[in-house]
Amino acid sequence: MQLLALSGSLRAASSNAILLQACRRLAPDNVQIMLYTDMGLLPHFNPDLENQLPPIVADLRSRIAQADGLLISCPEYARGIPGSFKNLLDWLVASTTFPGKPVMLLNASPRACAAQAALRLVLNTMSAQLIDEAAITVQLLAKNMDEQQVAADTEIAVQLTQGLQAFVLAIRKHQETTANP
Ligand SMILES: Cc1cc2nc3c(=O)[nH]c(=O)nc-3n(C[C@H](O)[C@H](O)[C@H](O)COP(=O)(O)O)c2cc1C
């Protein structure tokens, strides 16, 4: 199973990216997690370009299409979704493969509740399949932990492992239902 991980932060030492990297370390057997790293290179969304898609956008859509599910971890800026991540999502609105895509939402900061609520609204509007039993919130803000430390932290590792297991189970059920409606 292939999962694509999207961080909503462009920071080199992003706690959201670190959380996703820790997920990669803790992934169940036969589950590969790829991190998307080109968000900062995407052009500003413009619906006029829908018929002549910039190659980097076509590449993003193709990665989404190939993924069985998406892991999304996004920070909060000024009580909302960071512009660069909303820009990425806007490029996916008209894509045919995003609707129905299973999504595991991660949150690296419990106080980032406004961005999480906004993200849920946007993703539901885009017809993503939010897997609630897989969603997790952990406190990484200001802890300066690297991915190894996050993956080795007993409490966080249990949350991530359980969340990933619930996510994989939900994807398998979803795929079975789609194959045998
Ligand atoms: C310009 C700016 C605005 C921010 N606004 C909020 C906010 O409204 N609410 C909040 O909880 N954190 C806010 N933060 C804190 C970030 O969410 C926090 O630094 C987070 O760790 C960034 O994610 P990252 O570590 O993945 O880069 C803000 C940070 C910056 C730089």
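Let me begin with helix H2: at 1.5 Å a residue, its twelve residues should span 16 Å, and its end C-alpha atoms are 16 Å apart, which agrees. The expected span here is 1.5 Å times one less than the number of residues in the helix. Helices (H or I, at least four residues) and strands (E, at least two) are DSSP runs, numbered from the N terminus.

I should state the basis of what follows. The model is predicted, and local features need pLDDT of at least 70, side-chain atom pairs count only at pLDDT 80 or more, while totals for chains, interfaces and linings use all residues. Residues are numbered from 1 along each chain as its sequence is written, and side-chain values use heavy atoms, with hydrogens and water left out.

Which residues of H2 are buried? They are Val57, Leu60, Arg61 and Ile64, where buried means under 20% relative accessible area, exposed over 50%, and partly exposed in between (1.4 Å probe, protein chains only). These residues cover an arc of only 95 degrees around the axis, which puts them on the same side of H2; the arc is that of the directions from the helix axis to the C-beta atoms. Pro55 and Gln66, on the other side of H2, are exposed. The buried residues of H2 pack against strand S1 (2–7), strand S3 (69–73) and helix H3 (83–92), contact meaning heavy atoms within 4.5 Å.

I turn now to the salt bridges. A salt bridge is a side-chain nitrogen of Lys or Arg within 4 Å of a carboxyl oxygen of Asp or Glu, and a search of the whole structure finds six. One of them joins glutamate 50 to arginine 61, with the closest N and O atoms 2.8 Å apart. This pair links distant parts of the chain: glutamate 50 is in the loop between strand S2 (32–35) and helix H2 (55–66), arginine 61 is in helix H2, and the two are eleven residues apart. Glutamate 50 is partly exposed, at a relative accessible area of 26%, whereas arginine 61 is buried, at 13%.

A further salt bridge pairs glutamate 76 with arginine 79, with a closest N and O separation of 2.6 Å. Arginine 79 is exposed, with a relative accessible area of 53%. Aspartate 132 and arginine 120 form another, their closest N and O atoms being 2.9 Å apart. Here too distant parts of the chain are linked: aspartate 132 is in the loop between strand S5 (129–130) and strand S6 (136–137), and arginine 120 is in helix H4 (residues 113–125), twelve residues away. Arginine 120 is partly exposed, with a relative accessible area of 29%.

Next, the backbone. Most residues other than glycine have a negative phi. Alanine 142, however, has a positive phi, near 65 degrees, and asparagine 144 has a positive phi near 55 degrees. Alanine 142 is in the loop between S6 and helix H5 (147–152), and asparagine 144 is found in the loop between S6 and H5. Alanine 142 is exposed, with a relative accessible area of 73%, and asparagine 144 is exposed at 74%.

The largest share of the lining, three residues, comes from helix H1 (residues 15–26).
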